[in-house]
Every structure is written in C-alpha cells, then in structure tokens.
Amino acid sequence: MNHTHIGLLTGLVLGLAAAFGGVGAFLLVLLLGGLGLLVVRFLDGKLDISAMSGRDRG
C-alpha cells in the first residue's frame, strides 16, 4: 500500500467520523491516529525523538 492509498483511507475515516460523530469524534479520531502513528514509527525505529526536541547527540 503506497502513501496515496494510506492518505486516502485516512481522509475517508476522518470524514466519516466528522459526518456521523461531529467535531468531537473527528478530533478524537485525529488525535488517536496521530498517537498511533507516533507509536508505530517509534517501534519501527524511524522516529528520532532527539531531532524533534532540538537536542542532538552529535
């Protein structure tokens, strides 16, 4: 699955949450999706937390 498919599915899920659950459900789905992305990137070793905080070891 490429990035276009993932973006499309994410947009569809957020759209459904907004349509059927309102703004609160939309924000909750957006927050949980972002949190899930961070966890998966961290577990895959593709998230460099030191680069995000501005502190570099080098």
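Student: Hi! Which helix supplies the largest share of the nonpolar patch?
Tutor: Helix H1, residues 3-44, contributes six residues, the largest share of that patch. Helices here are DSSP runs of H or I with at least four residues, strands are E runs of at least two, and both are numbered from the N terminus.

Student: And where do these coordinates come from?
Tutor: This is a predicted model, where local features need pLDDT of at least 70 and side-chain atom pairs count only at pLDDT 80 or more, while totals for chains, interfaces and linings use all residues. Residues are numbered from 1 along each chain as its sequence is written, and side-chain values use heavy atoms, with hydrogens and water left out.

Student: OK, back to the patch. Which residues form it?
Tutor: Leu28, Leu32, Leu35, Val39, Phe42, Leu43 and Ile49 form it on the surface, with about 720 Å² of accessible area together. Areas come from the Shrake-Rupley method with a 1.4 Å probe, and for residues only the protein chains shown count as cover. Patch residues have over 30% relative accessible area and no salt bridge (a Lys or Arg side-chain nitrogen within 4 Å of an Asp or Glu carboxyl oxygen). Nonpolar side chains (Val, Leu, Ile, Met, Phe, Trp, Tyr) are joined within 5 Å, and like charges within 9 Å.

Student: How many helices and strands are there in the protein?
Tutor: Two helices and zero strands.

Student: Why does Gly45 count as exposed?
Tutor: Because its relative accessibility is 61%; exposed means over 50%, buried under 20%, and partly exposed in between (1.4 Å probe, protein chains only).

Student: What about Phe20?
Tutor: Phe20 is in helix H1 and counts as exposed because its relative accessibility is 73%. From Phe20 to Phe42 it is 22 residues in sequence and 32 Å in space, C-alpha to C-alpha.

Student: And Leu9?
Tutor: Leu9 is also found in H1, but Leu9 is partly exposed, at 44% relative accessible area.

Student: Switching to overall shape, what is the radius of gyration of the protein?
Tutor: The protein has 15 Å, whereas a compact globule of 58 residues would be near 10 Å. That radius is taken over C-alpha atoms, and the globule rule is 2.2 Å times the number of residues to the power 0.38. The C-alpha trace spans about 50 × 25 × 15 Å along its principal axes.

Student: What share of the residues is buried?
Tutor: Buried residues make up 5% of the 58. The protein exposes about 5000 Å², with carbon and sulfur atoms supplying 70% of it.
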